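Take a look at the fold below.

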Amino acid sequence: MNVILDHDRLIAVNAARNALAGWGDRLTFGLGLPVLLLGAHAWLTSLPERPALYLSAAAGFVAAFGLARLGAGRLTYHQTEGALAAPALSRRAAAQYLLLLIGPALAMLAMIFLLAGLRYPACWLATMPAGIAAGFAWHRFSRPSRRFAPAEALARRRALLFDRPVPTAIAGIAAAAMLLALGSLLREAGMTALALATSLAASAVLGGADAAKVRFMAQAGYRATRTVALHASSLSAFTLAFCLPLLLARQFVPAATAAGLAALVLAVLAVRVLAYRIHARRTADWIATLLLAAVALAAILVPFAAPLVLLLILGWLFRRAGRVTWLIA
């Protein structure tokens with residue numbers, strides 16, 4: 001019905017075939033998805049009335065917002081860089097593309113919501129139009145322009161400064177010294193809060209992953225383990241340099257809090273890097289989100305099983321990412 005939609009449908013089908021290339025991958029997906037839905041159903045049906053109402057509204061809004069941004073982004077790509085610019089620039093074809101993409105996708109999400117046990121369908125159906133409008137507005141008014149060039153230059157300089165273990169380790173030692181200097185004025189709860197805030201700030205600066213960089217490293221012959229290690233080196237160096245002085249000063253609770261948060265961020269970073277190594281950026285983001293949601297659900301239902309689920313996911317991703325290695329001729 002729409003040549004642009006057919007083009008994206010073929011891309012999605014090929015991405016799904018790539019993700020489920022082996023029998024082990026298909027078995028993992030076939031067993032994991034029902035377990036995930038059953039766990040989500042058990043958790044959602046046990047929620048009190050008010051949290052369930054708020055969660056239903058938020059789920060409808062976020063789902064529609066993400067789909068609207070996805071559709072608008074794909075349409076902009078086709079209009080500016082894709083091979084189907086001629087039909088994409090037609091208003092009728094563009095409107096038809098967005099309608100045929102977002103409508104069935106929202107219907108599929110509604111079915112998943114019902115299977116997962118999300119209550120108050122009228123609530124999440126009512127918030128979906130607002131999410132669609134917000135997604136289109138976000139895409140329309142958040143396009144980069146020249147006035148953001150200084151911010152982009154600053155981000156590049158920050159990456160050059162902090163994308164190395166030695167400067168980040170020095171920064172970690174300095175942060176620990178400042179925290180210990182304030183130790184005489186703060187109680188343990190205050191030091192723990194500051195340590196958590198410091199770890200959050202370091203994770204925000206050092207815990208990112210660039211999909212293009214990951215793909216280039218795979219093409220250049222870097223192994224999956226080395227790619228993850230290089231991306232995690234800066235945050236690991238900062239955390240070690242920050243927590244070690246706290247441990248020597250017998251500030252065990254702040255050190256454990258900062259180290260625990262950094263370990264969680266590093267696990268999320270490893271999942272994202274491995275997903276970027278296997279799939280395109282947008283597909284990898286969705287896959288990483290679903291996998292991390294499975295870990296979060298396991299932590300809610302069976303807390304002691306969450307680390308095991310995370311290790312199984314990392315092992316599966318490492319096994320698949322290990323096959324994606326090329327050498328540039």
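Ala-52 has a relative accessibility of 4%, so this residue counts as buried. The cut-off for buried is under 20%. Bear in mind that the model is predicted. Ala-52 sits in helix α3, which covers residues 49–80. What does Ala-52 touch, leaving out residues up to four places away in sequence? The partners are Leu-47, Arg-119 and Tyr-120. Now compare Ala-52 with Leu-98. They are 46 residues apart in sequence. In space, their C-alpha atoms lie 30 Å apart.

Next, turn to helix α2. It runs over residues 23–45 and has 23 residues. From its first C-alpha to its last, α2 reaches 33 Å. That is close to the 33 Å expected at 1.5 Å a residue. Some of its residues are hidden as well. Asp-25, Gly-39, Ala-40 and Leu-44 of α2 are buried.

Finally, look at a pair of helices. Helix α8 spans residues 165–181, and helix α9 spans residues 188–206. Their axes are 11 Å apart and meet at an angle of about 160°. Because of that angle, α8 is roughly antiparallel to α9; the cut-off for this label is over 145 degrees. The crossing of α8 and α9 is right-handed.

Which residues make the contact between α8 and α9? From α8 come Thr-168, Ala-175, Leu-179 and Leu-180. From α9 come Met-191, Leu-194, Ala-195, Thr-198 and Leu-206. Sorted by class, this contact of α8 with α9 has seven nonpolar residues and two polar ones. It has no charged residues.

Notes. Residues are numbered from 1 along each chain as its sequence is written. This is a predicted model: local features need pLDDT of at least 70, side-chain atom pairs count only at pLDDT 80 or more; totals for chains, interfaces and linings use all residues. Side-chain values use heavy atoms; hydrogens and water are left out. Axes are lines fitted to C-alpha atoms, for helices over the stretch in contact, and angles run from 0 to 180 degrees between N-to-C directions. Helices (H or I, at least four residues) and strands (E, at least two) are DSSP runs, numbered from the N terminus. Angles under 35 degrees count as roughly parallel, over 145 as roughly antiparallel, 65 to 115 as roughly perpendicular and the rest as oblique. A crossing is left-handed if the near helix is turned anticlockwise from the far one by less than a right angle, and right-handed if clockwise. Contact means heavy atoms within 4.5 Å. Ala, Val, Leu, Ile, Met, Phe, Trp, Tyr, Cys and Pro count as nonpolar, Asp, Glu, Lys and Arg as charged, and the others, Gly among them, as polar. The expected span of a helix is 1.5 Å times one less than its number of residues. Buried means under 20% relative accessible area, exposed over 50%, partly exposed in between (1.4 Å probe, protein chains only).
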